[in-house]
Amino acid sequence: MMENKQFYRVKASVYAAAGLVLAVLLPAMSLGALITPTDVATEMGAVWSLGNIIDDSGMGAPQVDGYDTHVNTDGSTYLWLSSGGSQLTGPINFDLGGVYDVTNLVIWPPNTTLRTTCAISNFVVRYIGDDMTVLHTSGTLTGTVAQLDGGRIKAQVFDIPDVSNVRYMSINVTANCGNGSYTGSSEIKFGGTSVGAGSEPAVYDLLSPTNATTDMGTVWGHVTKTWDLTGVEGSPSPLTTTNKHGQYASGANMWLSNGDTEGNVTYWLDGEYSLGGFAFWNFNSTHDTDGSRRCVKQFDLSFYDASDVLISSTNNLLATRSAVYTANNTYKFWEDGTGKIQGPLNAKPCYYAELFTFTKVDGVKKVVLHIDSAWNVPTPAGSYVGLAEVGFLEAASTPSTGGVVLFW
Ligand SMILES: [Ca+2]
Ligand SMILES: [Ca+2]
(Lines give C-alpha, C1' and ligand atoms only; values in the text may rest on other atoms or scores of the structure.)
(Ligands and ions follow the chains in the order given, each with its own letter.)
Protein backbone atom coordinates (compact mmCIF):
# COMPACT_ATOMS: atom_id res chain seq x y z
CA MET A 1 0.00 0.00 0.00
CA MET A 2 1.26 3.43 -0.79
CA GLU A 3 1.75 5.88 2.01
CA ASN A 4 -1.12 8.27 2.40
CA LYS A 5 0.04 11.46 3.96
CA GLN A 6 -2.51 14.18 4.19
CA PHE A 7 -1.10 17.39 2.88
CA TYR A 8 -4.31 19.27 2.60
CA ARG A 9 -4.42 22.89 3.49
CA VAL A 10 -7.75 24.50 4.22
CA LYS A 11 -7.93 28.03 3.06
CA ALA A 12 -9.09 30.42 5.75
CA SER A 13 -11.57 32.03 3.42
CA VAL A 14 -13.72 28.93 3.13
CA TYR A 15 -14.52 28.68 6.82
CA ALA A 16 -17.52 30.44 8.25
CA ALA A 17 -19.20 30.46 11.65
CA ALA A 18 -21.28 27.57 12.96
CA GLY A 19 -19.24 25.04 11.06
CA LEU A 20 -20.73 25.92 7.71
CA VAL A 21 -18.19 26.13 4.96
CA LEU A 22 -18.99 28.47 2.14
CA ALA A 23 -17.37 28.05 -1.20
CA VAL A 24 -15.92 31.20 -2.63
CA LEU A 25 -16.40 32.03 -6.24
CA LEU A 26 -13.25 33.57 -7.58
CA PRO A 27 -13.84 34.50 -11.20
CA ALA A 28 -10.22 35.12 -12.07
CA MET A 29 -8.62 32.44 -9.94
CA SER A 30 -5.25 31.05 -10.83
CA LEU A 31 -5.41 27.34 -11.42
CA GLY A 32 -2.94 24.65 -12.22
CA ALA A 33 -3.87 22.41 -15.05
CA LEU A 34 -7.57 22.02 -15.67
CA ILE A 35 -8.29 18.36 -14.99
CA THR A 36 -10.88 16.63 -17.13
CA PRO A 37 -11.98 13.44 -15.32
CA THR A 38 -11.71 10.20 -17.25
CA ASP A 39 -14.71 8.46 -15.68
CA VAL A 40 -17.80 9.42 -13.75
CA ALA A 41 -20.61 7.60 -11.94
CA THR A 42 -23.61 8.52 -9.87
CA GLU A 43 -26.49 6.87 -8.12
CA MET A 44 -28.78 9.69 -9.21
CA GLY A 45 -29.15 8.13 -12.62
CA ALA A 46 -29.50 9.97 -15.89
CA VAL A 47 -32.24 10.91 -18.29
CA TRP A 48 -29.57 12.89 -20.14
CA SER A 49 -26.19 11.15 -20.16
CA LEU A 50 -23.86 11.61 -17.20
CA GLY A 51 -20.91 11.38 -19.57
CA ASN A 52 -21.93 14.77 -20.95
CA ILE A 53 -20.28 16.45 -17.95
CA ILE A 54 -16.75 15.11 -18.58
CA ASP A 55 -16.50 14.91 -22.37
CA ASP A 56 -16.27 18.61 -23.27
CA SER A 57 -19.60 18.32 -25.05
CA GLY A 58 -20.95 21.80 -25.66
CA MET A 59 -17.71 23.46 -24.53
CA GLY A 60 -15.92 26.03 -26.61
CA ALA A 61 -15.17 29.66 -27.32
CA PRO A 62 -15.75 32.36 -26.34
CA GLN A 63 -13.91 32.26 -23.05
CA VAL A 64 -14.97 34.08 -19.90
CA ASP A 65 -12.55 34.53 -17.00
CA GLY A 66 -10.12 32.22 -18.75
CA TYR A 67 -12.51 29.33 -19.24
CA ASP A 68 -14.43 28.12 -22.23
CA THR A 69 -18.16 28.66 -22.06
CA HIS A 70 -20.82 25.98 -22.41
CA VAL A 71 -23.60 26.10 -24.95
CA ASN A 72 -27.26 26.54 -24.05
CA THR A 73 -29.31 23.61 -25.24
CA ASP A 74 -32.61 21.90 -24.68
CA GLY A 75 -31.78 18.28 -25.25
CA SER A 76 -29.68 15.34 -24.21
CA THR A 77 -26.57 16.04 -26.26
CA TYR A 78 -24.54 18.27 -23.96
CA LEU A 79 -26.02 18.07 -20.45
CA TRP A 80 -26.56 15.62 -17.64
CA LEU A 81 -29.90 15.49 -15.87
CA SER A 82 -30.56 12.92 -13.16
CA SER A 83 -33.30 10.34 -13.37
CA GLY A 84 -36.66 12.01 -13.05
CA GLY A 85 -38.51 11.99 -9.77
CA SER A 86 -36.72 11.40 -6.53
CA GLN A 87 -33.10 11.12 -7.65
CA LEU A 88 -32.12 14.65 -6.72
CA THR A 89 -29.26 14.08 -4.31
CA GLY A 90 -26.35 11.68 -3.92
CA PRO A 91 -22.70 11.30 -4.86
CA ILE A 92 -21.16 11.98 -8.22
CA ASN A 93 -17.86 10.09 -8.31
CA PHE A 94 -15.00 11.07 -10.59
CA ASP A 95 -11.85 9.23 -11.64
CA LEU A 96 -9.25 11.89 -12.43
CA GLY A 97 -7.30 9.34 -14.47
CA GLY A 98 -4.09 10.11 -12.57
CA VAL A 99 -2.88 11.50 -9.26
CA TYR A 100 -3.20 15.25 -8.68
CA ASP A 101 -2.84 17.95 -6.09
CA VAL A 102 -6.40 19.26 -6.30
CA THR A 103 -7.16 22.89 -5.55
CA ASN A 104 -10.39 23.85 -7.27
CA LEU A 105 -13.73 22.62 -8.49
CA VAL A 106 -15.07 24.05 -11.73
CA ILE A 107 -18.75 23.61 -12.51
CA TRP A 108 -20.77 24.69 -15.51
CA PRO A 109 -24.42 24.61 -14.31
CA PRO A 110 -27.11 23.00 -16.41
CA ASN A 111 -27.84 25.30 -19.29
CA THR A 112 -31.29 24.60 -20.61
CA THR A 113 -34.35 26.77 -20.67
CA LEU A 114 -36.46 23.71 -19.86
CA ARG A 115 -34.89 23.25 -16.44
CA THR A 116 -33.93 26.43 -14.68
CA THR A 117 -33.47 25.24 -11.09
CA CYS A 118 -31.61 21.95 -11.44
CA ALA A 119 -28.12 23.16 -10.56
CA ILE A 120 -26.26 21.74 -7.59
CA SER A 121 -26.58 24.13 -4.66
CA ASN A 122 -25.24 22.24 -1.65
CA PHE A 123 -22.61 19.54 -1.65
CA VAL A 124 -19.76 17.90 0.22
CA VAL A 125 -16.50 17.15 -1.54
CA ARG A 126 -14.55 14.02 -0.70
CA TYR A 127 -10.96 13.44 -1.83
CA ILE A 128 -9.82 9.85 -2.33
CA GLY A 129 -6.30 8.55 -2.92
CA ASP A 130 -5.02 6.13 -5.53
CA ASP A 131 -5.47 3.25 -3.06
CA MET A 132 -9.05 4.32 -2.20
CA THR A 133 -8.08 5.89 1.11
CA VAL A 134 -10.20 8.90 2.07
CA LEU A 135 -7.80 11.84 2.26
CA HIS A 136 -10.22 14.57 3.25
CA THR A 137 -13.93 15.31 3.44
CA SER A 138 -15.01 18.92 3.25
CA GLY A 139 -17.79 20.61 5.14
CA THR A 140 -20.93 21.56 3.27
CA LEU A 141 -20.18 23.78 0.32
CA THR A 142 -22.74 26.05 -1.26
CA GLY A 143 -22.91 28.55 -4.02
CA THR A 144 -23.92 27.15 -7.36
CA VAL A 145 -26.87 28.87 -8.92
CA ALA A 146 -28.24 28.37 -12.37
CA GLN A 147 -26.95 30.91 -14.83
CA LEU A 148 -29.30 31.08 -17.72
CA ASP A 149 -28.84 33.94 -20.08
CA GLY A 150 -30.19 32.28 -23.15
CA GLY A 151 -26.71 31.79 -24.53
CA ARG A 152 -23.37 30.34 -23.53
CA ILE A 153 -22.60 30.24 -19.81
CA LYS A 154 -19.36 30.64 -17.96
CA ALA A 155 -17.82 28.33 -15.38
CA GLN A 156 -18.26 28.71 -11.65
CA VAL A 157 -15.00 28.15 -9.81
CA PHE A 158 -15.01 26.90 -6.24
CA ASP A 159 -11.99 27.36 -4.03
CA ILE A 160 -12.19 24.01 -2.28
CA PRO A 161 -9.58 22.78 0.24
CA ASP A 162 -6.23 21.90 -1.32
CA VAL A 163 -5.50 18.20 -1.01
CA SER A 164 -2.45 16.39 -2.36
CA ASN A 165 -2.18 12.98 -4.03
CA VAL A 166 -5.82 12.70 -5.09
CA ARG A 167 -6.97 10.10 -7.61
CA TYR A 168 -10.74 10.19 -7.17
CA MET A 169 -13.15 12.97 -6.27
CA SER A 170 -16.67 12.53 -4.97
CA ILE A 171 -19.18 15.36 -4.94
CA ASN A 172 -22.01 14.39 -2.64
CA VAL A 173 -24.95 16.54 -3.68
CA THR A 174 -27.22 17.36 -0.75
CA ALA A 175 -29.54 19.84 -2.47
CA ASN A 176 -30.25 21.41 -5.82
CA CYS A 177 -31.60 24.87 -6.56
CA GLY A 178 -35.17 23.87 -5.92
CA ASN A 179 -36.17 21.69 -8.83
CA GLY A 180 -38.36 18.82 -7.72
CA SER A 181 -37.71 16.62 -10.74
CA TYR A 182 -34.06 16.75 -11.77
CA THR A 183 -30.53 17.66 -10.73
CA GLY A 184 -27.97 18.34 -13.41
CA SER A 185 -24.85 19.98 -14.76
CA SER A 186 -23.34 20.96 -18.08
CA GLU A 187 -19.71 20.15 -17.33
CA ILE A 188 -17.52 19.53 -14.26
CA LYS A 189 -13.72 19.75 -14.05
CA PHE A 190 -11.12 20.21 -11.34
CA GLY A 191 -8.16 22.53 -10.97
CA GLY A 192 -4.85 21.10 -9.85
CA THR A 193 -1.37 19.90 -10.62
CA SER A 194 -0.40 16.46 -11.87
CA VAL A 195 1.62 14.33 -9.47
CA GLY A 196 1.78 11.00 -11.33
CA ALA A 197 0.04 8.56 -13.55
CA GLY A 198 -1.67 6.55 -10.84
CA SER A 199 -1.88 2.79 -10.65
CA GLU A 200 -3.93 0.49 -12.77
CA PRO A 201 -4.94 -3.00 -11.74
CA ALA A 202 -2.64 -5.75 -12.98
CA VAL A 203 -4.12 -8.60 -14.97
CA TYR A 204 -3.56 -12.23 -13.99
CA ASP A 205 -4.98 -15.35 -15.58
CA LEU A 206 -6.96 -17.51 -13.20
CA LEU A 207 -7.60 -21.21 -12.89
CA SER A 208 -11.27 -22.09 -12.54
CA PRO A 209 -12.29 -25.10 -10.41
CA THR A 210 -14.13 -27.89 -12.17
CA ASN A 211 -16.50 -28.88 -9.39
CA ALA A 212 -17.84 -27.63 -6.06
CA THR A 213 -20.05 -28.66 -3.16
CA THR A 214 -21.21 -26.93 0.01
CA ASP A 215 -22.48 -27.88 3.46
CA MET A 216 -24.27 -24.54 3.81
CA GLY A 217 -27.27 -25.36 1.69
CA THR A 218 -28.58 -23.37 -1.22
CA VAL A 219 -31.57 -21.09 -1.32
CA TRP A 220 -30.67 -19.56 -4.63
CA GLY A 221 -28.51 -20.64 -7.56
CA HIS A 222 -25.89 -23.35 -7.05
CA VAL A 223 -22.23 -23.42 -5.99
CA THR A 224 -21.34 -24.58 -9.49
CA LYS A 225 -22.35 -21.06 -10.53
CA THR A 226 -19.31 -19.78 -8.63
CA TRP A 227 -16.75 -21.39 -10.97
CA ASP A 228 -18.43 -21.86 -14.35
CA LEU A 229 -17.99 -18.23 -15.53
CA THR A 230 -21.71 -17.56 -15.30
CA GLY A 231 -22.30 -13.83 -14.97
CA VAL A 232 -18.71 -12.95 -15.86
CA GLU A 233 -18.81 -10.36 -18.58
CA GLY A 234 -17.77 -11.81 -21.88
CA SER A 235 -17.43 -15.35 -20.44
CA PRO A 236 -13.65 -15.01 -20.74
CA SER A 237 -11.29 -17.92 -21.18
CA PRO A 238 -9.09 -17.78 -19.29
CA LEU A 239 -10.71 -15.85 -16.51
CA THR A 240 -8.61 -12.88 -15.36
CA THR A 241 -8.51 -10.83 -12.19
CA THR A 242 -9.90 -7.79 -13.94
CA ASN A 243 -12.94 -9.35 -15.52
CA LYS A 244 -16.18 -8.04 -14.08
CA HIS A 245 -19.03 -10.11 -12.73
CA GLY A 246 -22.26 -8.45 -13.63
CA GLN A 247 -25.03 -7.99 -11.14
CA TYR A 248 -27.96 -10.23 -11.81
CA ALA A 249 -31.18 -11.02 -10.02
CA SER A 250 -30.88 -14.57 -11.22
CA GLY A 251 -29.61 -17.69 -9.49
CA ALA A 252 -28.22 -18.71 -12.86
CA ASN A 253 -25.08 -16.74 -12.06
CA MET A 254 -24.45 -17.00 -8.31
CA TRP A 255 -24.91 -19.02 -5.16
CA LEU A 256 -26.62 -18.05 -1.91
CA SER A 257 -26.61 -20.24 1.19
CA ASN A 258 -29.75 -21.39 2.95
CA GLY A 259 -29.78 -20.16 6.53
CA ASP A 260 -26.05 -20.37 7.24
CA THR A 261 -23.40 -17.69 7.30
CA GLU A 262 -20.66 -20.08 8.43
CA GLY A 263 -19.64 -23.22 6.62
CA ASN A 264 -17.62 -24.68 3.76
CA VAL A 265 -17.55 -24.53 0.02
CA THR A 266 -15.24 -27.21 -1.38
CA TYR A 267 -13.61 -26.77 -4.78
CA TRP A 268 -11.85 -29.36 -6.95
CA LEU A 269 -9.27 -28.64 -9.62
CA ASP A 270 -8.79 -30.79 -12.70
CA GLY A 271 -5.30 -31.80 -11.54
CA GLU A 272 -2.62 -30.91 -8.99
CA TYR A 273 -1.42 -27.33 -9.09
CA SER A 274 1.00 -25.04 -7.28
CA LEU A 275 -1.23 -22.22 -6.06
CA GLY A 276 -0.26 -18.75 -4.92
CA GLY A 277 -3.47 -16.77 -4.94
CA PHE A 278 -7.23 -16.81 -4.72
CA ALA A 279 -9.61 -14.41 -6.40
CA PHE A 280 -13.27 -14.08 -5.81
CA TRP A 281 -16.17 -11.95 -6.83
CA ASN A 282 -18.44 -11.40 -3.90
CA PHE A 283 -22.22 -11.70 -3.93
CA ASN A 284 -23.64 -9.16 -6.30
CA SER A 285 -27.39 -9.20 -6.53
CA THR A 286 -30.27 -6.98 -7.46
CA HIS A 287 -32.10 -8.59 -4.56
CA ASP A 288 -30.08 -6.42 -2.22
CA THR A 289 -32.17 -3.33 -2.87
CA ASP A 290 -32.60 -2.91 0.87
CA GLY A 291 -28.91 -2.11 1.20
CA SER A 292 -28.07 -5.43 2.80
CA ARG A 293 -24.93 -7.15 1.67
CA ARG A 294 -25.09 -10.92 1.77
CA CYS A 295 -21.41 -11.09 1.03
CA VAL A 296 -18.52 -13.10 2.42
CA LYS A 297 -16.65 -11.13 5.08
CA GLN A 298 -14.08 -13.38 6.81
CA PHE A 299 -12.80 -16.65 5.43
CA ASP A 300 -9.82 -19.00 5.23
CA LEU A 301 -8.60 -21.59 2.74
CA SER A 302 -7.38 -25.15 3.35
CA PHE A 303 -5.42 -27.01 0.67
CA TYR A 304 -5.56 -30.77 0.06
CA ASP A 305 -3.58 -33.05 -2.24
CA ALA A 306 -4.93 -35.72 -4.60
CA SER A 307 -5.04 -38.23 -1.71
CA ASP A 308 -7.25 -35.80 0.23
CA VAL A 309 -4.50 -35.09 2.77
CA LEU A 310 -4.43 -31.60 4.25
CA ILE A 311 -1.33 -29.70 3.09
CA SER A 312 -1.78 -26.31 4.76
CA SER A 313 -4.26 -23.57 5.56
CA THR A 314 -4.23 -19.81 5.36
CA ASN A 315 -4.89 -17.45 8.20
CA ASN A 316 -8.20 -15.66 8.32
CA LEU A 317 -8.68 -13.40 5.35
CA LEU A 318 -11.00 -10.42 5.22
CA ALA A 319 -13.04 -9.63 2.17
CA THR A 320 -13.43 -5.89 2.05
CA ARG A 321 -15.58 -5.57 -0.98
CA SER A 322 -19.28 -6.12 -0.86
CA ALA A 323 -22.01 -4.85 -3.02
CA VAL A 324 -24.26 -1.96 -2.20
CA TYR A 325 -27.05 -2.03 -4.67
CA THR A 326 -29.33 0.92 -5.11
CA ALA A 327 -32.73 1.04 -6.68
CA ASN A 328 -31.22 3.13 -9.41
CA ASN A 329 -29.26 0.21 -10.81
CA THR A 330 -25.86 1.45 -9.78
CA TYR A 331 -23.46 0.80 -6.95
CA LYS A 332 -22.15 3.56 -4.77
CA PHE A 333 -19.06 4.17 -2.72
CA TRP A 334 -19.28 3.03 0.84
CA GLU A 335 -16.85 3.18 3.71
CA ASP A 336 -15.66 -0.16 5.04
CA GLY A 337 -14.99 1.13 8.55
CA THR A 338 -11.23 1.34 8.10
CA GLY A 339 -11.17 4.61 6.22
CA LYS A 340 -11.18 2.91 2.85
CA ILE A 341 -13.66 3.60 0.13
CA GLN A 342 -15.05 0.58 -1.62
CA GLY A 343 -17.30 0.04 -4.54
CA PRO A 344 -16.83 0.40 -8.24
CA LEU A 345 -16.60 3.80 -9.78
CA ASN A 346 -18.15 2.86 -13.04
CA ALA A 347 -21.90 3.07 -13.12
CA LYS A 348 -22.28 -0.37 -14.59
CA PRO A 349 -23.93 -2.77 -12.17
CA CYS A 350 -20.94 -5.06 -11.93
CA TYR A 351 -17.62 -5.18 -10.22
CA TYR A 352 -14.18 -6.70 -10.11
CA ALA A 353 -12.51 -9.44 -8.12
CA GLU A 354 -10.51 -9.26 -4.96
CA LEU A 355 -7.21 -11.10 -5.15
CA PHE A 356 -5.62 -12.67 -2.08
CA THR A 357 -2.08 -13.97 -2.39
CA PHE A 358 -0.39 -16.48 -0.09
CA THR A 359 2.81 -18.49 0.23
CA LYS A 360 3.06 -21.05 -2.58
CA VAL A 361 1.33 -24.35 -1.92
CA ASP A 362 2.38 -27.29 -4.15
CA GLY A 363 0.33 -30.27 -5.27
CA VAL A 364 -3.13 -28.87 -4.60
CA LYS A 365 -6.12 -30.82 -5.90
CA LYS A 366 -8.86 -29.63 -3.51
CA VAL A 367 -9.47 -26.34 -1.71
CA VAL A 368 -11.94 -25.84 1.13
CA LEU A 369 -13.18 -22.28 1.42
CA HIS A 370 -14.34 -21.89 5.01
CA ILE A 371 -16.62 -18.90 5.39
CA ASP A 372 -16.46 -17.57 8.94
CA SER A 373 -18.84 -14.66 8.64
CA ALA A 374 -20.86 -12.55 6.25
CA TRP A 375 -21.18 -8.82 5.92
CA ASN A 376 -24.96 -8.88 6.12
CA VAL A 377 -25.25 -5.21 6.85
CA PRO A 378 -27.67 -3.99 7.96
CA THR A 379 -29.32 -6.81 9.90
CA PRO A 380 -30.65 -9.07 7.19
CA ALA A 381 -34.08 -10.53 6.92
CA GLY A 382 -32.46 -13.95 6.95
CA SER A 383 -29.05 -15.47 7.46
CA TYR A 384 -27.46 -15.88 4.08
CA VAL A 385 -24.07 -15.56 2.46
CA GLY A 386 -23.22 -15.85 -1.19
CA LEU A 387 -20.56 -15.82 -3.86
CA ALA A 388 -20.55 -14.84 -7.51
CA GLU A 389 -17.36 -16.43 -8.90
CA VAL A 390 -13.95 -17.71 -7.80
CA GLY A 391 -10.64 -18.53 -9.43
CA PHE A 392 -7.13 -19.55 -8.37
CA LEU A 393 -3.78 -18.07 -9.28
CA GLU A 394 -1.03 -20.50 -10.14
CA ALA A 395 2.11 -19.81 -8.12
CA ALA A 396 4.27 -19.18 -11.16
CA SER A 397 2.25 -16.07 -11.97
CA THR A 398 1.70 -14.84 -8.42
CA PRO A 399 2.41 -11.13 -8.05
CA SER A 400 5.49 -10.44 -5.97
CA THR A 401 3.88 -7.74 -3.88
CA GLY A 402 2.07 -10.19 -1.62
CA GLY A 403 -0.79 -9.34 0.66
CA VAL A 404 -4.19 -8.27 -0.43
CA VAL A 405 -4.56 -6.56 -3.75
CA LEU A 406 -7.81 -4.79 -4.37
CA PHE A 407 -9.19 -4.51 -7.84
CA TRP A 408 -12.18 -2.57 -8.88
CA1 LIG B 1 -21.19 19.11 -21.53
CA1 LIG C 1 -20.92 -16.84 -11.55
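Among contacts in this protein between residues at least 6 apart in sequence, 82% join residues at least 24 apart; two residues count as in contact if their C-beta atoms, placed from the backbone, lie within 7 Å. The model is a predicted one, where local features need pLDDT of at least 70, side-chain atom pairs count only at pLDDT 80 or more, and totals for chains, interfaces and linings use all residues. Residues are numbered from 1 along each chain as its sequence is written, while chains are lettered from A and ligands numbered from 1 in the order in which they are written.

On to secondary structure: you'll find 0 helices and 28 strands here. Both are DSSP runs numbered from the N terminus, helices being H or I with at least four residues and strands being E with at least two. Of the 408 residues, 47% are buried. Buried means that 20 or more other C-beta atoms lie within 10 Å of the residue's own, exposed means 12 or fewer, and partly exposed is in between, with C-beta atoms placed from the backbone.

Now for some strand pairing, which takes at least two DSSP bridges between two strands. Strand β12 has antiparallel partners including β1 (residues 33-35), joined to β12 by 3 bridges, and β6, joined to β12 by 9 bridges.

What about the packing? A nonpolar core here is a set of buried Ala, Val, Leu, Ile, Met, Phe, Trp, Tyr and Cys residues joined through C-beta atoms within 7 Å. The largest one has 46 residues, and Leu-96, Val-125, Tyr-127, Val-166 and Met-169 have the most contacts inside it. Strands that each supply at least two residues of this core include β6 (90-108), β7 (120-128), β8 (134-142), β10 (163-176) and β12 (187-196). The largest share, 9 residues, comes from β6. Leaving aside residues up to four places away in sequence, Met-169 touches Phe-94, Leu-96, Val-102, Val-125, Tyr-127 and Phe-190. There's also a second, separate core of 43 residues, with Val-265, Leu-301, Val-385 and Val-390 among them.

Val-364 is in strand β26 (residues 354-374), and it counts as buried because 25 other C-beta atoms lie within 10 Å. Not counting residues up to four places away in sequence, Val-364 touches Leu-269, Glu-272, Tyr-273, Leu-275, Phe-303, Asp-305 and Ile-311. His-136 lies in strand β8 and is buried because it has 20 other C-beta atoms within 10 Å. Asp-228 is in the loop between β15 (220-221) and β16 (239-240); with 18 other C-beta atoms within 10 Å, Asp-228 is partly exposed.

Here is how each of them sits relative to one residue elsewhere along the chain:

| Residue pair | Separation in sequence | C-alpha to C-alpha distance |
|---|---|---|
| Val-364 and Leu-310 | 54 residues | 9.3 Å |
| His-136 and Val-166 | 30 residues | 9.6 Å |
| Asp-228 and Thr-210 | 18 residues | 7.7 Å |
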